[in-house]
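Welcome! Please take a moment to look over the sequence and the 3D structure, and then read on for a guided tour.

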Amino acid sequence: MNNTELLQRSLAAVWHPCTQMKQHVNQDAAALPLIPIARGEGAWLYDFDGNRYLDAISSWWVNLFGHANPRINAALRAQLDELEHVILAGFTHRPVVELSERLSALTGHALGHCFFASDGASATEIALKMSFHSWRNRGFETKQQFLCLEGSYHGETVGALAVTDVAIFKDAYAPLVRSAATVPTPDARLARDGETAVDVARRAASALEQHLDRHHETIAALIVEPLIQCASGMAMYDPEYLRLARELCSRYNVHLICDEIAVGCGRTGTFFAHEQAGIRPDFLCLSKGISGGYLPLSIVLTTDKVYQAFYDDATARGFLHSHSYTGNALACRAALATLDIFAEDKVIAGNKLRAEKLAAALAPLGARTDVVHLRQKGMIAAFDVRTDDPAFSRKFYRAALAREALVRPIGTTVYVMPPYIVSDDEIAHLGQALAGALDTTLAA
Ligand SMILES: *Cc1c(COP(=O)(O)O)cnc(C)c1O
């Protein structure tokens, strides 16, 4: 196998996600090259010709401890010899039990019931269905609507698109979708003159209060991405919003769903992002990093109160949702190995230092006149670029690849979200690659 052969066969047979395939075939300056990967090791991806790329976006925000991590590999090899998978309806196994217990403990046992699926969008839909159904079981028949934030992203299946507010993913399918109402985002970039991030959060919360005051009887749940709306461009906001949203949801009898699919698992500096607001949601969605970036796995955690609303003699009052691979033993074992690494290596504490180094490496970019809103929370750093070029994102992506870095801007927002094993040298490499790619892209 070589690069050229794999590329040609991929273009003929594989329909790549989130991609206009013609851009892979085009040869102009704004074309999108398809990159063949032969193997991964640590933070690096290697092709067949010896080229390498620093995986600065953790392969779409999933990888936490590097590619081909020896400890996760060993756990998976051991699990392969015991049990690869078993039906979870009517059966149970050690990895799924241990993972449920450990995740529950990480929420201080506030969210003591874990429901399993395989991808993030399914977790979103499970949380929405559970919320609606639990209200119905409790006699609140009118609670059939959901509420999300402007610019929210909760997945792209038809049900999850209902609470996703990103035009590029939603517009084409709008006729298929029963859209939720949106309330203003607390995005700190919206600060008016003299306003702090806390002020923006309070302003957005007051709009939420007005909406809930008018519509709470028809609303089952508010769904949020705690602290960072990642997919719409790394919009960061103050934890004050979560604190106020929690208070309002409790006051108006509306569930709070925290979608931590992207921001959970230590990304923002705490294991769960919502911890920074000192709150607990009614539902917590996890996926992406939870399996260390190894296998598809998602989990919805919820409270005893929600669980009890389904606990009954009548089958139809149960939560009858199911996926074939729910609670897959290999995926759960990868997640357990991932949690082991967090504990053994004191990852949350180590990431504090790592995040500071990342901040230092990116600081010179913040001083550029073509860069605005340099921002960071834990292991996610982002900035916006002043440019009118509609092909900026693709051009920057190419320029970064040429500097051995995998960085995929969202529109004109450049961000990095590296695995938690990046070394000082790799962070320095990243800072230089971003600066160089910016020069090339804006000069072109
Ligand atoms: C990625 C993501 C999802 C969807 O997860 P998939 O596994 O891609 O379906 C949902 N919510 C958030 C916040 C995400 O970042």
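This report visits the ligand and its surroundings, then some aromatic rings, and then a few single residues. Keep in mind that the model is predicted.

## Around the ligand

Let us begin with the ligand. Its surroundings are made up of Trp61, Asp119, Gly120, Ala121, Tyr153, His154, Gly155, Glu225, Asp259, Ile261, Ala262 and Lys288. Sorted by class, this shell holds 5 nonpolar, 3 polar and 4 charged residues.

In Asp259, a side-chain N or O atom is 2.6 Å from a nitrogen atom of the ligand. In Lys288, a polar side-chain atom lies 2.6 Å from a ligand oxygen. Ala121 takes part through its backbone: one of its backbone N or O atoms is 2.8 Å from an oxygen atom of the ligand. How much of the ligand does the protein bury? On its own the ligand exposes 380 Å², and the protein buries 82% of that.

## Rings that meet

To describe a pair of aromatic rings, we use the distance of the centres and the angle of the planes. The model has 13 aromatic pairs. In one of them, Phe115 and Phe319 have ring centres 5.1 Å apart and planes at 80°, so this pair is edge-to-face. These partners come from distant parts of the chain, 204 residues apart: Phe115 sits in strand β4 (residues 113–117), while Phe319 is in the loop between α11 (304–310) and α12 (329–344). Is Phe319 buried or exposed? Its relative accessibility is 17%, and buried means under 20%, so Phe319 counts as buried.

Phe271 and Phe342 give another example. Their ring centres are 4.9 Å apart with the planes at 80°, so this pair is edge-to-face too.

## Charges over rings

Rings can have charged neighbours as well. Arg52 lies over the face of Trp44, 3.7 Å from the ring centre. Over the ring of Trp135 sits the charged end of Lys143, at 4.9 Å from the centre.

## Two buried residues

Ser298 lies in strand β12 (residues 298–302) and is buried, with a relative accessible area of 0%. What does its side chain reach? The backbone nitrogen of Ser118 is reached at 3.4 Å, and a polar atom of the Ser298 side chain lies 2.8 Å from the backbone oxygen of Asp119. Asp119 is also among the residues that surround the ligand.

Val306 is found in helix α11 and is buried, with a relative accessible area of 4%. Its C-alpha atom is 9.6 Å from that of Arg138, although these residues are 168 residues apart along the chain.

## Two positive phi angles

Finally, have a look at two histidines. His109, in the loop between α5 (94–106) and β4, has a positive phi, near 65°, and is not a glycine. With 56% relative accessibility, His109 counts as exposed.

His373 has a positive phi as well, near 55°. Where is His373 placed? The place of His373 is in strand β13 (residues 371–377), and at 40% relative accessibility it counts as partly exposed.

Key. Residues numbered from 1 in each chain as written. Predicted model: local features only at pLDDT ≥ 70, side-chain atom pairs only at ≥ 80, totals over all residues. Heavy atoms only, no water. Near = heavy atom within 4 Å. Polar contact = N/O pair within 3.5 Å; in protein donor to acceptor, adjacent residues only side chain to side chain. Areas by Shrake-Rupley, 256 points an atom, 1.4 Å probe, with all protein chains shown as cover. Nonpolar A, V, L, I, M, F, W, Y, C, P; charged D, E, K, R; others polar. Phe/Tyr/Trp six-rings, centres within 6.5 Å; stacked < 30°, edge-to-face > 60°. Helix = DSSP H or I, 4+ residues; strand = E, 2+ residues; numbered from the N terminus. Buried < 20%, exposed > 50% of the residue type's maximum accessible area, 1.4 Å probe, protein only. Lys NZ or Arg CZ within 6 Å of the ring centre and 35° of its normal.
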